Amino acid sequence: MYFLSKELFFPPVSEANNDGILAIGGDLSPERLLLAYKSGIFPWFEEGEPIFWWSPNPRMVLFLDELVVSKSMRNILNRNVFTVTFNQNFREVISNCQKVKRNGQNGTWITNDMIEAYCKLNKLGIAKSVEVWQNNELVGGLYGIDLGNVFCGESMFSKASNASKVAFISLANQLKKADYKLLDCQVYNEHLESLGCREIDRADFIEILKSN
């Protein structure tokens with residue numbers, strides 16, 4: 001495992017351990033974060049811990065042609081139960097992602113420092129959000145890093161049934177229209193699989209990142 005210094009550098013992702021941890025330390029500067037995502041790396045740590053940098057193998061992704069929208073979700077989308085906006089309230093989205101309770105987790109990995117770091121990226125046009133509204137209230141959303149040909153999803157939240165699915169599907173449809181190659185979802189879970197996501201080899205993911 002590599003210990004980062006102030007130098008703007010990451011080791012090859014092939015050096016990550018079996019859990020996907022590649023390096024420790026460094027900072028959350030916009031330059032380092034952008035280098036990380038372009039290299040197939042992301043930060044994931046809890047309050048009070050050093051920064052852990054991850055590059056898991058395999059990688060969970062959505063190829064946009066493989067998006068699965070169930071009949072019930074198509075019905076919800078067609079009925080316009082929710083209103084969807086893009087990149088209109090980034091800070092509120094990431095703050096809600098921090099607060100949401102998740103099964104099997106005692107706390108959140110989105111620290112206050114991470115919120116500020118990603119808000120800086122949002123102001124630079126690199127981090128973006130999707131907002132889902134119901135009766136003028138923010139009830140769901142997601143955020144991530146926009147690399148121009150790949151969108152790296154980071155986290156999503158839902159305060160109303162199906163709101164996060166609406167955010168995900170709406171983003172995937174927008175990315176497909178703009179000819180993006182895929183939506184990065186980092187690691188496997190059943191919810192993502194139900195939407196059409198699948199695992200690919202990390203080396204294949206890195207090749208797609210490099211082909212921008």
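Helices H1 and H4 are roughly perpendicular to each other in this predicted model, an angle of 65 to 115 degrees counting as roughly perpendicular, under 35 as roughly parallel, over 145 as roughly antiparallel and the rest as oblique. Two packed helices are described by the angle between their axes and the distance between the axes. For H1 (residues 30-38) and H4 (residues 112-123) the angle is about 80° and the axes are 10 Å apart. Axes are lines fitted to C-alpha atoms, for helices over the stretch in contact, with angles running from 0 to 180 degrees between N-to-C directions. Helices (H or I, at least four residues) and strands (E, at least two) are DSSP runs numbered from the N terminus. Pro30, Leu33 and Tyr37 of H1 meet Ala117, Tyr118, Lys120 and Leu121 of H4, contact meaning heavy atoms within 4.5 Å. By class, 6 nonpolar, no polar and 1 charged residues make up the contact of H1 with H4; Ala, Val, Leu, Ile, Met, Phe, Trp, Tyr, Cys and Pro count as nonpolar, Asp, Glu, Lys and Arg as charged, and the others, Gly among them, as polar.

Residues are numbered from 1 along each chain as its sequence is written, and side-chain values use heavy atoms, with hydrogens and water left out. As the model is predicted, local features need pLDDT of at least 70 and side-chain atom pairs count only at pLDDT 80 or more, while totals for chains, interfaces and linings use all residues.

Met73, Ile76 and Leu77 of H2 make the contact with Lys165, Val166 and Ile169 of H5. The class count for H2 with H5 is 5 nonpolar, no polar and 1 charged residues.

In helix H7 (residues 202-210), the buried residues are Arg202, Phe205, Ile206, Ile208 and Leu209; buried means under 20% relative accessible area, exposed over 50% and partly exposed in between (1.4 Å probe, protein chains only). Viewed down the axis of H7, these buried residues fall within an arc of 160°, so they line one face of the helix. The arc is that of the directions from the helix axis to the C-beta atoms. Glu207 and Lys210, on the other side of H7, are exposed. The cover over the buried residues of H7 includes H1 and the strands S5 (59-62), S9 (150-158), S10 (182-186) and S11 (198-200). At the N-terminal end, H7 is capped by Asp201, a side-chain oxygen of which lies 2.9 Å from the backbone nitrogen of Ala203.

Gln186 is placed in strand S10 and is buried, with a relative accessible area of 8%. Apart from neighbours within four places in sequence, Gln186 is in contact with Phe42, Pro56, Pro58, Arg59, Met60, Gly153 and Glu154. Phe157, in strand S9, counts as buried at 2% relative accessibility. With residues up to four places away in sequence not counted, Phe157 touches Val93, Asn96, Cys97, Val100, Leu138, Val139, Gly140, Gly141 and Ser164. Phe157 and Val100 are 57 residues apart in sequence, with a C-alpha to C-alpha separation of 6.5 Å.

Most residues other than glycine have a negative phi, and most peptide bonds are trans. Asn57 and Pro58 are joined by a cis peptide bond with omega about 5°. Pro58 lies in the loop between strand S4 (52-54) and S5 and is partly exposed, with a relative accessible area of 35%. Residues up to four places away in sequence aside, Pro58 touches Gln186, Glu199, Ile200 and Arg202. The C-alpha atoms of Pro58 and Tyr188 are separated by 8.7 Å, at 130 residues apart along the chain.

Asn162, a residue other than glycine, has a phi near 75°. Asn162 is in the loop between S9 and helix H5 (163-177) and counts as partly exposed at 25% relative accessibility. Asp179, also not a glycine, has a positive phi of about 65°. Asp179 is in the loop between H5 and S10 and is exposed, with a relative accessible area of 65%.

Definitions and conventions:
A polar contact is a pair of N or O atoms within 3.5 Å; within protein, one must be able to donate a hydrogen and the other to accept it, and residues adjacent in sequence count only if both atoms are side-chain atoms.
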